[in-house]
Amino acid sequence: MSSLLVLNGPNLNLLGARQPEVYGSVTLADIEDMCVAHAKTLQIELSFHQSNHEGELVDLLHGAKGIHDAVILNAGAYTHTSVALMDAISSVELPVIELHLSNIHAREAFRHKSYIAPVALGQICGFGARGYTLAMDAAVSHLDHGA
Ligand code: DQA
């Protein structure tokens, strides 16, 4: 059975209360519930984490090797700054799908740069919380068909 790791970076613990006009009104717990339910329908295993700490996200990526088959990563603001996360992704050699609730390309210029994108399998952004289940579908499709 395939296993996915969903990793959430800084400030995503505040979803629901944080800039709802940008990120919507669902909480991270709602998103986790959605992902758990979707994992059941896809018949896969799922692990869901959030951390506000860059090094902890690096550790979680390292720990995914050999345990999970793919990673869905919403690195939050670290997307735009973190060479350490980029290097961690290259090091673990797992397929990583970059995810954002908002369309980062339609926002401030500093959000257009992603250190994750060059080492990711692909990027999903702009679909709000639904992006998480879309990313899960993309990960399973990749694992099943290599697409
Ligand atoms: C985000 C987009 C980032 O630019 C921002 O720093 C976040 C959330 C998103 O999901 O839209 O924290 O990753």
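In this predicted model, the backbone nitrogen of Ala117 sits 3.0 Å from a polar atom of the Ser114 side chain. The side chain of Ser114 also makes a polar contact with the side chain of Glu98, at 2.9 Å; a polar contact here is a pair of N or O atoms within 3.5 Å, where within protein one must be able to donate a hydrogen and the other to accept it, and residues adjacent in sequence count only if both atoms are side-chain atoms. Residues are numbered from 1 along each chain as its sequence is written, and side-chain values use heavy atoms, with hydrogens and water left out. As the model is predicted, local features need pLDDT of at least 70 and side-chain atom pairs count only at pLDDT 80 or more, while totals for chains, interfaces and linings use all residues.

Ser114 belongs to the loop between strand S4 (96–100) and strand S5 (122–125) (helices, H or I, of at least four residues and strands, E, of at least two are DSSP runs numbered from the N terminus). Ser114 is buried, with a relative accessible area of 8% (buried is under 20%, exposed over 50%, partly exposed in between, with a 1.4 Å probe and protein chains only). Setting aside neighbours within four places in sequence, Ser114 is in contact (heavy atoms within 4.5 Å) with Thr79, Glu98 and Gln123.

Turning to the nonpolar cores, these are sets of buried Ala, Val, Leu, Ile, Met, Phe, Trp, Tyr and Cys residues joined through side-chain atoms within 4.5 Å. The largest has 23 residues, and Leu15 and Ile31 are among those touching the most other members. Helix H5 (130–145) is one of the elements giving two or more residues to this core, and H5 gives the most, with five.
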